[in-house]
Amino acid sequence: MFKLTDKIRKDQRGYRENYNKMSEGKISFDEFKPYASSMGVYAQREAGTFMIRPRILSGIVSVMQLKKISEISKKFSYGKIHLTTRQDVQFHKLNIEDTPEIFDEMLKVDLINKGAGGNSVRNVSCSPLSGVDRNEVFDVTQHSESVTEHLLGLDNICTLPRKYKIAFSNSKTDTARATVSDLGFVAKLVDGKRGFEVYGAGGLGGSPSVSIKLSEFISEQEILYYVKAMMDLFDAEGDRINRNKARIRFIRYRLGDEEFIKLFNSYLDAVKEKYDLRINIKPDMELSESPHIYGGKDKRVEEQKNRGSYSLFVHPVNGDIMADDLDNIIRYAENLDYEIDFRLTGTQGICIRNVRGNDVEGLLEIIRPFTREYVVENSVACTGAANCRIGLCNTNGLIEDLKETLESIDEGTGVKLPRIFVSGCKNSCGWHHIGGIGFAGRALKGEKGSVPAYTVYFNGKVVAGESRLAESYGVIPARNISAFLKSLFKSFSVSGYEFEEFISGNRALIDELVYEYSKLDRIDKDKLYFDFGFESEFLKK
Ligand code: SF4
């Protein structure tokens, strides 16, 4: 695991100094705010409440850190931990006065915040199964960590025009979403030599795009040149005036793909000439095997490449795990006479790795009460209007409302359905643009006011070389979505197709269903203008 330097520790301690300046009136709250954002501290929707997002480096988290996360959540955040789509965690509903103490507590176990928000290089994503994956090209963990180490040593990672997201995937399956990132690396072998296919200038949110390919193959030692070149290009060419057009992909839109690649290559040449950034590659981690084979078929369990070892995917509803549930997992891990390890996933879950076959059932017993088996039930949803200040719709409320529909799916259909991605607005923090099924919050106009609704998306895909954005099929009021999905899944279950084929081969049927469930008169009048869980009318809260 990556070791913190004195500089990074000093940066973490700097939060208390800056907070004190603000609380003593030496700087205003507005002056403190951009710094706080860059350290992952944000005001939440409920007045006077705040969120802290520590940076969980590449999603790798130790038992000691998990214990501290649980402890902090119980003391300051009602015992609930939110797992994010960038392999981080968030503590919600905090008092601002408690934030310096939380920072101190986190540092005790090497949890840090630099660049966890604001206009920074964000957490470097890494495939959560990297190192144990049966289908990986090679383990990309050390590459992801080298990039983090390099970035955290720089002074300017928090003063970019906007956020800069980097990802490492251990195979074409692209579980870190390298092909829809500002800069993405996908592991590849050429003539037995390890390296990466490099993608860039993609991303979700406003004007989303799949990344373009920047290089067919680079050696694994060269990655930092690409990281630095893209950062320098962004720093110099990014839009610092219009925040909505500030991400790297907008430079590409402005120049066109060909010119963008030329420009990138000129920055790359300059970096290569000026710096020596080749990384030293360490031998891959050795994995032990076990004679204990898990004979069950639970979909949360993934067989690893080392015989007799398994990874378990823990996906709590809405990515919210209760500290007590986390404690039960930790206790189980601590009572084992061998080490298991933990990675946070980009789908708001925890991956428990290197579990021996004879311990799988014991862990399943712990996680079954708060997780579900099928991918379709393990939706990804941003925090939405319940917490986010700019969110429109209450994503968590929608997921709750879908529960009955999802639980009623029969096994044959359940295994074939894709994950559902939900964003509370068009910003795509819930990744709706890449989902097999996606929803993005918006408002519809009703006779007497605004109606909470979602744009419906289908057939997004993330696989290196095949990634594509989902297509929009229309708008459905939030209160009709559960019934819409029920009808959709019913038609799908008798179609005999895979889901992707079913959607693309039945446009007329899907359009008809969307039209049918777009009707406002299907909703009780007393619920029409209210989002799930809100007592005030939609957009009047
Ligand atoms: S997608 Fe919208 S509602 Fe969801 S977290 Fe992002 S900005 Fe907030």
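The legends below describe close-up views of a predicted model, in which local features need pLDDT of at least 70 and side-chain atom pairs count only at pLDDT 80 or more, while totals for chains, interfaces and linings use all residues. Residues are numbered from 1 along each chain as its sequence is written, and side-chain values use heavy atoms, with hydrogens and water left out.

**View 1. The packing of helices α9 and α10.** Helices (H or I, at least four residues) and strands (E, at least two) are DSSP runs numbered from the N terminus. Helix α9 covers residues 323–334 and helix α10 covers residues 360–367, and the two pack with their axes 9 Å apart at an angle of about 165°; axes are lines fitted to C-alpha atoms, for helices over the stretch in contact, and angles run from 0 to 180 degrees between N-to-C directions. The two helices α9 and α10 are therefore roughly antiparallel to each other, a term for angles over 145 degrees. Their crossing is right-handed, meaning that the near helix is turned clockwise from the far one by less than a right angle. In the contact (heavy atoms within 4.5 Å), Asp 325, Asn 328, Ile 329 and Tyr 332 of α9 meet Gly 362, Leu 363, Ile 366 and Ile 367 of α10. By class, the residues of this contact of α9 with α10 are five nonpolar, two polar and one charged, where Ala, Val, Leu, Ile, Met, Phe, Trp, Tyr, Cys and Pro count as nonpolar, Asp, Glu, Lys and Arg as charged, and the others, Gly among them, as polar.

**View 2. The open sheet of β6, β7, β8, β9 and β10.** Five strands, in the order β6-β7-β8-β9-β10, form this open sheet with mixed pairing; two strands pair if DSSP finds at least two bridges between them. At the edges are β6 (125–126) and β10 (212–219), each of which pairs on one side only. Helix α5 (residues 141–152) packs on the sheet, where it touches β6, β7 (166–169) and β9, and its direction makes about 160° with that of β7. Strands β7 and β8 (residues 183–190) pair in the parallel sense over four bridges, with Val 186 in β8 as the bridge partner of Ser 169. By contrast, β8 and β9 run antiparallel and are joined by eight bridges; these two strands form a hairpin with two residues between them, and in its turn Asp 191 has a positive phi of about 50°.

**View 3. The residues around the ligand.** The shell consists of Cys 382, Gly 384, Cys 388, Ile 390, Gly 391, Ser 423, Gly 424, Cys 425, Asn 427, Ser 428 and Cys 429, a residue being near the ligand if one of its heavy atoms lies within 4 Å of it. Five residues of this shell are nonpolar and six are polar, with no charged residue.

**View 4. The open sheet of β16, β17, β18, β19 and β20.** The order of these five strands is β16-β17-β18-β19-β20, and the pairing is mixed. Strands β16 (380–381) and β20 (471–477) stand at the edges with a single partner strand each, so one side of each is left without a neighbour in the sheet. Strand β18 (residues 437–446) and strand β19 (residues 449–458) run antiparallel, joined by 10 bridges, and Leu 444 stands opposite Val 451 in β19. Helix α15 (residues 507–517) lies across β19 and β20, running at about 25° to β20.

Note on methods: Angles under 35 degrees count as roughly parallel, over 145 as roughly antiparallel, 65 to 115 as roughly perpendicular and the rest as oblique.
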